[in-house]
Amino acid sequence: VNQKENITQCLDDTISAYKVLSSMNIVEPTSSINISSKHDKQPEIVYYYADESEDDKIKLVEIKNAIDEEKVYAVKSLAGCLRKHLKEVMFEYRPFPDNIGGNDCTFVSVFVQLFLPGIAAHIQRIGEMGY
């Protein structure tokens with residue numbers, strides 16, 4: 001069994017568990033591994049942040065409803081599967097200075113495109129919306 005099959009099975013199992021919880025009304029329902037909810041609120045730009053020192057050049061855009069809980073759950077599930085099956089290459093602990101904690105980083109970008117292409121396309125549309 002190769003790693004792609006391991007990750008696919010892990011993700012399928014996680015999403016299946018999510019569906020069971022959904023059917024028990026413990027979490028919101030979902031429909032597939034490429035999670036897309038019929039109840040999604042449409043993303044909308046709610047504020048532009050401009051830099052007054054650069055002739056009000058827009059520096060940041062705030063987008064409401066950019067990603068729903070189901071998509072977040074799917075990406076977090078993928079990160080968990082990557083840590084389980086590819087920890088040595090997809091996970092990095094980044095300590096803060098003076099040993100006061102740190103961040104646990106799992107690199108998911110390419111894998112979101114591979115395993116969750118609908119979510120990857122949604123994220124790209126949100127980026128384009130802000131641009």
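A: Begin with contacts, meaning heavy atoms within 4.5 Å. Among contacts in the protein chain between residues at least 6 apart in sequence, 51% join residues at least 24 apart. This is a predicted model, in which local features need pLDDT of at least 70 and side-chain atom pairs count only at pLDDT 80 or more, while totals for chains, interfaces and linings use all residues. Residues are numbered from 1 along each chain as its sequence is written, and side-chain values use heavy atoms, with hydrogens and water left out.

Q: In what order do the elements of the protein chain run from the N terminus on?

A: Helices (H or I, at least four residues) and strands (E, at least two) are DSSP runs, numbered from the N terminus. The protein chain has four helices and four strands, and their order is α-β-β-α-β-β-α-α.

Q: How many of the 131 residues, as a percentage, count as buried?

A: Buried means under 20% relative accessible area, exposed over 50%, and partly exposed in between, using a 1.4 Å probe and protein chains only. Of the 131 residues of the protein chain, 27% count as buried.

Q: Which residues touch the most other members of the largest nonpolar core?

A: A nonpolar core is a set of buried Ala, Val, Leu, Ile, Met, Phe, Trp, Tyr and Cys residues joined through side-chain atoms within 4.5 Å. The largest one has 19 residues, and Leu78, Leu82, Val112 and Leu116 touch the most other members. At least two residues of this core come from each of helices H1 (3-23), H2 (69-90), H3 (109-115) and H4 (117-130). H2 gives the most, with eight residues.

Q: Which residues of H2 are buried?

A: An α-helix has 3.6 residues a turn, so residues three or four places apart point the same way. The buried residues of H2 are Glu70, Lys71, Ala74, Val75, Ser77, Leu78, Ala79, Cys81, Leu82, His85, Leu86 and Met90. One of them, Ser77, has 9% relative accessibility. Not counting residues up to four places away in sequence, Ser77 touches Leu11 and Thr14.

Q: Where is the kink in H2 centred?

A: The expected span of a helix is 1.5 Å times one less than its number of residues. A straight helix of 22 residues would span 32 Å, but H2 spans only 24 Å between its end C-alpha atoms. The bend at a residue is the angle between axes fitted to the seven residues ending there and the seven starting there. H2 has a kink of about 75°, centred on Lys84.

Q: Which residue caps the N-terminal end of H2?

A: A polar contact is a pair of N or O atoms within 3.5 Å; within protein, one must be able to donate a hydrogen and the other to accept it, and residues adjacent in sequence count only if both atoms are side-chain atoms. Asp68 is the cap, with a side-chain oxygen 3.1 Å from the backbone nitrogen of Glu70. Asn2, in the segment before H1, has a side-chain polar atom 2.8 Å from the backbone nitrogen of Glu5.

Q: Which cysteines does a disulfide join?

A: A disulfide is a pair of cysteine sulfur atoms within 2.5 Å. The count comes to one, joining Cys10 to Cys81 with an S to S distance of 2.2 Å. Cys10 lies in helix H1 and Cys81 in helix H2, so the pair ties together parts that are 71 residues apart in sequence. The torsion about the S-S bond of Cys10 and Cys81 is about -85°, so this disulfide is left-handed. Both cysteines are buried.

Q: What does Pro43 touch?

A: Pro43 lies in the loop between H1 and strand S1 (44-51). Leaving out residues up to four places away in sequence, Pro43 touches Ile63, Lys64, Asn65, Ala66, His122, Ile126 and Met129. Pro43 and Ile67 are 24 residues apart in sequence, yet 7.7 Å apart in space, C-alpha to C-alpha.

Q: Where is Asn65 found?

A: Asn65 sits in the loop between strand S2 (57-64) and H2. Its phi is near 60°, a positive value in a residue other than glycine. Asn65 counts as partly exposed because its relative accessibility is 26%.
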